[in-house]
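Morning, everyone. I'll take one structure and walk you through a few parts of it. Please look at the screen.

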Amino acid sequence: MESLYLTNLSPVKLEDVVFDSDLQSQINEFLDEYEHRDILEKYQLPVANKLFLYGKSGCGKTMTARALAARLQKKLYIVNLSTIVSSRLGETAKNLSSLFKSVEHKKAILFFDEFDSLGSMRDYDNNDTSEMKRVVNTILQLIDSFPLDSILIGATNQIQLIDEALLRRFDLKLEFKTPSVTALDHYYTQLLERYPVEYQDITRRYEISYAEAKNHVFDRVKKNIIAANRGSKI
């Protein structure tokens, strides 16, 4: 089972993840609710513990899962569903049950990346119908019985491929958009301030994801450092 998930990624501080104002507000509300779940449950009020993150690749979905795990002091299991579905089709339902069971006993966060790998399985035309139905029914049951002291997070770049029956199981649906100019400027400044001023001279690019912006900064800063130490200018 261990080959189906990652657990050893370094933690991320929530304040190091850049959100737009709406997304930041939703994250804060989720944390407030979850951190006060004991008193809310006392009054039989539902507590959100199933999040669905969607939007363009590189805009912070995985970083958000890592940051929430660090903030809530929970172990994070990162599962790539495309690996389970494509290479272990005959055992998919069993593997999913085992994954959920392992989290139930560890009070952890279970993060399903590429959730569309499961959601699109409602299209049975070119698949083993009985196996697909078994997998979908399994995942629906597992989500419905997911323990409140654990957190389930699904993520996708293609939300349109996911069946509504699966999406309805999630308490919150958070959209990660391409960052605005203001958000990217803040992110660039945050990244560059760790380097000496003489290495911070870069041309800022916009209408890109945070991951693309980070790669751009690293690439240009490395070139500036190498050029300065060679006594030449790029």
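Just after helix H5, Lys-107 takes a positive phi of about 50°. Keep in mind that this is a predicted model.

Now step back into the helix itself. H5 covers residues 92–106, which is 15 residues. From first C-alpha to last, H5 reaches 22 Å. That is close to the 21 Å expected at 1.5 Å a residue.

Which residues of H5 are buried? They are Thr-92, Ala-93, Asn-95, Leu-96, Leu-99, Phe-100, Ser-102 and Val-103.

Hold on to Phe-100. The largest nonpolar core has 30 residues, and Phe-100, Phe-112 and Phe-115 have the most contacts inside it. Several elements give two or more residues to this core, including H5, strand E4 (109–113) and helix H7 (129–144). Which element gives the most? H7 does, with six residues.

What does Phe-100 touch, leaving aside residues up to four places away in sequence? Leu-110, Phe-112, Ile-139, Leu-142, Ile-143, Phe-146 and Leu-152.

Last stop, the surface. Ile-39, Tyr-43 and Leu-45 form a nonpolar patch there. Together they have about 320 Å² of accessible area. Look at Leu-45. Leu-45 sits in the loop between helix H2 (37–42) and strand E2 (50–55).

Definitions and conventions: Residues numbered from 1 in each chain as written. Predicted model: local features only at pLDDT ≥ 70, side-chain atom pairs only at ≥ 80, totals over all residues. Heavy atoms only, no water. Patch = residues over 30% accessible without salt bridge, like charges linked within 9 Å, V, L, I, M, F, W, Y side chains within 5 Å. Areas by Shrake-Rupley, 256 points an atom, 1.4 Å probe, with all protein chains shown as cover. Salt bridge = Lys/Arg side-chain N within 4 Å of Asp/Glu carboxyl O. Helix = DSSP H or I, 4+ residues; strand = E, 2+ residues; numbered from the N terminus. Expected span 1.5 Å × (residues − 1). Buried < 20%, exposed > 50% of the residue type's maximum accessible area, 1.4 Å probe, protein only. Core = buried A, V, L, I, M, F, W, Y, C linked by side-chain atoms within 4.5 Å. Contact = heavy atoms within 4.5 Å.
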